[in-house]
Amino acid sequence: MFDESKHPRDSDGKFTDGNGEITSLPSAQRIVEKIPKSAWLNNKFHDEIVKVNLDSEIQKRFDNATPKERQKIAYRYIMDNLVGKYAARDGREVSISSVGADKITHLNIDVKLRVSPELANLIKTGEFVGVIDVRHKRFSKMAYYKTMFQIGNEKYVGLLNIGVRHNGESTIYDLNPFNKI
């Protein structure tokens, strides 16, 4: 089993040697580096921003919770309200299940937790970027979708990581990396 404590990361989630030096780049980061900045910020994509309603009940629950409680609240919300299949813009059918819910809520990363109630909308509005082969016990490929969302006055751009199983089925795996713009 992967022991997160033995693989330190910086504040952006990149693997480090524990002293702040990046040791390797996750596959999503390699994809991001290949995308020209202009592709992240094209006008067509800006029309597809997903707005997080900070006045919603779930967001208010986040405000009054400890970090561990926030992770549990987000996980429960995903499992109780979002589990199912959603069509991506390119026609891929993407499931939301415990695999992605666990990965997205595993660490107390405020942006991920805040946007987690909008996962279905991120799938629906995401723009296909590419797919790579991976060695993973559950997936043979990872497909990446560029997505943009807004939390309060802050806008973010990121990648939805979609795991493609050996049988061809797709499921959301993570939202990472994401950057404030």
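In helix α5, the residues R70, Q71, I73, A74, I78 and L82 are buried. Buried here means under 20% relative accessible area, exposed over 50%, and partly exposed in between, with a 1.4 Å probe and protein chains only. Seen down the axis of α5, the buried residues fall within an arc of 160°, so they line one face of the helix. The arc is that of the directions from the helix axis to the C-beta atoms. The face turned away from this buried side carries the exposed residues K68, K72 and D80.

The structure is a predicted model: local features need pLDDT of at least 70, side-chain atom pairs count only at pLDDT 80 or more, and totals for chains, interfaces and linings use all residues. Residues are numbered from 1 along each chain as its sequence is written, and side-chain values use heavy atoms, with hydrogens and water left out.

Helix α5 covers residues 67-82. At 1.5 Å a residue, its 16 residues should span 22 Å, and the end C-alpha atoms are 22 Å apart, which agrees. The expected span is 1.5 Å times one less than the number of residues. Helices (H or I, at least four residues) and strands (E, at least two) are DSSP runs, numbered from the N terminus. The buried residues of α5 pack against α4 (57-63), β4, β5, α6 (98-105), α7 (110-115) and α8 (119-125). Contact means heavy atoms within 4.5 Å.

Just after α5, G84 takes a positive phi of about 155°. Strand β4 (residues 84-87) runs antiparallel to strand β5 (residues 93-96), and four bridges join them. Two strands pair if DSSP finds at least two bridges between them. K85 stands opposite S95 in β5. The two strands form a hairpin with five residues between them. In the turn, G91 has a positive phi of about 95°.

Further along, V134 lies in the loop between β6 (127-133) and β7 (139-151). Leaving aside residues up to four places away in sequence, V134 touches F139, S140, K141 and M142. The C-alpha atoms of V134 and G163 are separated by 9.3 Å, although these residues are 29 apart along the chain.

The whole protein has eight helices and nine strands. Of its 181 residues, 44% are buried. Among contacts between residues at least 6 apart in sequence, 55% join residues at least 24 apart. The protein exposes about 10000 Å², and carbon and sulfur atoms supply 46% of it. Accessible areas come from the Shrake-Rupley method with a 1.4 Å probe; for residues, only the protein chains shown count as cover.
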